[in-house]
Amino acid sequence: MTLSGQSSVGESGVISVDYRDPNAPALFARSLRQSGFGVLRNHPIPQDLVEQIYSEWLAFFDGDDKMKYLVGEKHDGYFPPHRAETAKTGKKRDLKEYYHIYSWGRYPDEVSDAARRYYDLAVKLAAELLGWVEDNTPPEVKAKFSIPLPDMIEGSSGSLFRILRYPPLTGEEDPDAVRAHAHEDINLLTVLPSANERGLQLLNGAGEWVDVPFDFGTLVINTGDMLQEASGGYYRSTTHRVINPTGDAAKRSRVSIPLFLQPRPDVVLSERHTAGSYLAERLAELARNDKGM
Ligand SMILES: O=C(O)CCC(=O)C(=O)O
Ligand SMILES: [Fe+2]
């Protein structure tokens, strides 16, 4: 397959796909296959909605109301920096604070419904993208899917919308602490609008860290462990991280809003796992790492 004129490949292997391109579905699947990531431009999610979320949630993180929503047993709500996760490769907690929105979870009164509206639009787009992947996966791999990929997230209440704020650096950080340690996402697919600041990198097939194309207004989509599991490794869950900024950027907050698409727990991923058993195993691993701190 040749690339259409409007798409390009960088050292990251990530293809920037024009949503309106008739070849978009094939190019997108190819990008996920070769890099674990894809970039989508001219997509149907309004950029002013994304920017509204960035500005009103930055104000929310700057204030004290967030403490009213402190995370509890169900894992919805606000995670302060000292509760932030520690990736399985990381020795130190990530330098971030975040709020977990679930469809069933607590939602702050202090912000508008923009994040909820975004959630609905992004879930709909994700189902379409999973359809693109389904249609462009070789038959022998597709045969492994227990049900069509878009159906796996249909009616799921497990998808997690994470609003992240990486605070400005003070210079007092532990030398081993980074904004986000190298990790893979646990879910099927992640939809992530371009952040307001650079820093996201992926580990390419040659073992080099390279920047994920940064182009404000685009969407970055990446494969999670569950798509890797369901496809028998045909789609790789690519390791990624967020590096610490230097210079003036270190004085600025970085905000990013990944939506982690989660299948219903009963969905069979492979002979070994349902989505539910897979998630339980991975969360137990993260909890063990947290206790080891
Ligand atoms: O902030 C980002 O750009 C990526 C965040 C991320 O990879 C995650 O939260 O899993
Ligand atoms: Fe991630």
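This is a predicted model: local features need pLDDT of at least 70, side-chain atom pairs count only at pLDDT 80 or more; totals for chains, interfaces and linings use all residues.

Tutor: Two strands count as paired if DSSP finds at least two bridges between them. Strand 7 and strand 10, residues 219-223, pair over five bridges, in the antiparallel sense. One bridge can be picked out by name: Val 191 has Ile 221 of strand 10 as its bridge partner. Strand 7 also pairs with strand 13, residues 259-261. Those two strands run antiparallel as well, and three bridges join them. Here Leu 189 stands opposite Leu 261 of strand 13.

Now look at the side chains. Leu 189, Val 191 and Pro 193 point one way from strand 7. Thr 190 and Leu 192 point the other way. Which of these residues are buried? All of them are. A residue counts as buried if 20 or more other C-beta atoms lie within 10 Å of its own. Strand 7 spans residues 189-193, and five of its five residues are buried, so the strand is largely enclosed by the rest of the structure.

For contrast, turn to Glu 285. This residue is found in helix 7, residues 275-291. Glu 285 is exposed, because 12 other C-beta atoms lie within 10 Å and the cut-off for exposed is 12 or fewer. Glu 285 and Asp 21 are 264 residues apart in sequence. In space they are 41 Å apart, C-alpha to C-alpha.

Next, ligand 1. The residues around ligand 1 are Arg 162, Leu 164, Ala 180, Asp 185, Ala 195, Leu 200, His 240, Val 242, Ser 256 and Pro 258. Two elements give two or more residues to this shell: strand 5 (160-166) and strand 11 (240-242). By class, the shell has six nonpolar, two polar and two charged residues.

Last, a pair of helices. The axes of helix 1, residues 24-35, and helix 3, residues 114-135, come within 8 Å. They cross at roughly 80°. Helix 1 and helix 3 are therefore roughly perpendicular to each other. On the helix 1 side, the contact is made by Pro 25, Phe 28, Ala 29 and Leu 32. Helix 3 brings Leu 129, Trp 132, Val 133 and Asp 135. What classes of residue make up this contact? Seven are nonpolar, none is polar and one is charged.

How values were computed
Residues are numbered from 1 along each chain as its sequence is written. Chains are lettered from A and ligands numbered from 1 in the order in which they are written. Helices (H or I, at least four residues) and strands (E, at least two) are DSSP runs, numbered from the N terminus. A residue is near a molecule or strand if its C-beta atom, placed from the backbone, lies within 6 Å of it. Ala, Val, Leu, Ile, Met, Phe, Trp, Tyr, Cys and Pro count as nonpolar, Asp, Glu, Lys and Arg as charged, and the others, Gly among them, as polar. Axes are lines fitted to C-alpha atoms, for helices over the stretch in contact, and angles run from 0 to 180 degrees between N-to-C directions. Angles under 35 degrees count as roughly parallel, over 145 as roughly antiparallel, 65 to 115 as roughly perpendicular and the rest as oblique. Two residues are in contact if their C-beta atoms, placed from the backbone, lie within 7 Å.
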